[in-house]
Amino acid sequence: MTQTQEPAVFDQSTVDRASAIVARYPVARSALLPMLHLVQSVEGHVSQAGIAFCADRLDLTAAEVSAVATFYTMYKRRPCGEHLVSVCTNTLCAALGGDAIYAKLREHLGSDGKPLGHEETAGEPGEPGSITLEHAECLAACDLAPVLQVNYEFYDNQTPEGALELVKSLQAGEKPDPTRGAPLTDFRQAELQLAGFFEGRGADLDGPSAAPETVRGAAIAADRGWTAPAQPDHAEFPALPEKK
Ligand code: FES
């Protein structure tokens, strides 16, 4: 590992957490994804300082870290607000109102007659009540469409009016309970959890993870004694050709 001047933004507790993340893996570079969440928990995005911090600890180049950070949409290049609101505008949600929800929130959060854009923030990033808005690809909750997430917690079966009320509540400092999952926190705290640090919130994370709609098929099958067909023996599959 090369030693560089530590940017002041990453204090000793972040350095200690980074060491704990690296220790989880047999090879340091494997720790990159949680490390990027860790730097987002401090800065609200992945800055150049965050890229250097990861590269320094993982024996990677800044270009390698940057390539990963810019590939995944969960890593943000600009500072996020207190809350990140992700509206699903993929096909099913869009058809059932996702596009209308996104348009409503863009209009509400915009200023000077200009709707807020994708990954733009209303308010001062990181300050109470600030909101970053984004449209998202399928959030894997199509049975509950249209959905949105706040800091990756689900709000199911939304309407434009309901989503607007939700965002107004967030701006007012409230934290309405998600439809399922853990109680709402803020973007940076959620990022710390994604890095694997729960800071006494362990019990809070025991919320319901599945909606009744999601498990209805499994419940009907259990009720009727249906089971999935047995998997064929491995012996029934042709052997893979040997590597040359
Ligand atoms: S299309 Fe929105 S959750 Fe799948």
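**Cavity and pocket linings**

A: The lining of the largest cavity comprises four charged residues, one polar residue and one nonpolar residue. In this classification, Ala, Val, Leu, Ile, Met, Phe, Trp, Tyr, Cys and Pro are nonpolar, Asp, Glu, Lys and Arg are charged, and the others, Gly among them, are polar. The model is predicted, so local features require pLDDT of at least 70 and side-chain atom pairs pLDDT 80 or more, whereas totals for chains, interfaces and linings use all residues. Residues are numbered from 1 along each chain as its sequence is written, and side-chain values use heavy atoms, without hydrogens and water.

On a 1 Å grid over the protein atoms alone, a cavity is a set of points where a 1.4 Å probe fits but cannot get out; a pocket is an open set with protein on both sides within 12 Å along at least five of seven lines, and lining residues have an atom within 4 Å of a point. Points are joined across faces, edges and corners, and a volume is the space filled by probe spheres set on them.

The largest pocket holds about 230 Å³ of space. It is lined by 13 residues, of which Thr 73, Glu 134, His 135, Ala 136 and Glu 137 are the closest to its centre. By class, five residues of this lining are polar, four charged and four nonpolar. Strand S3 (residues 131-136) supplies the largest share of the lining, three residues; strands are DSSP runs of E, at least two residues, numbered from the N terminus.

Conventions:
Helix = DSSP H or I, 4+ residues; strand = E, 2+ residues; numbered from the N terminus.
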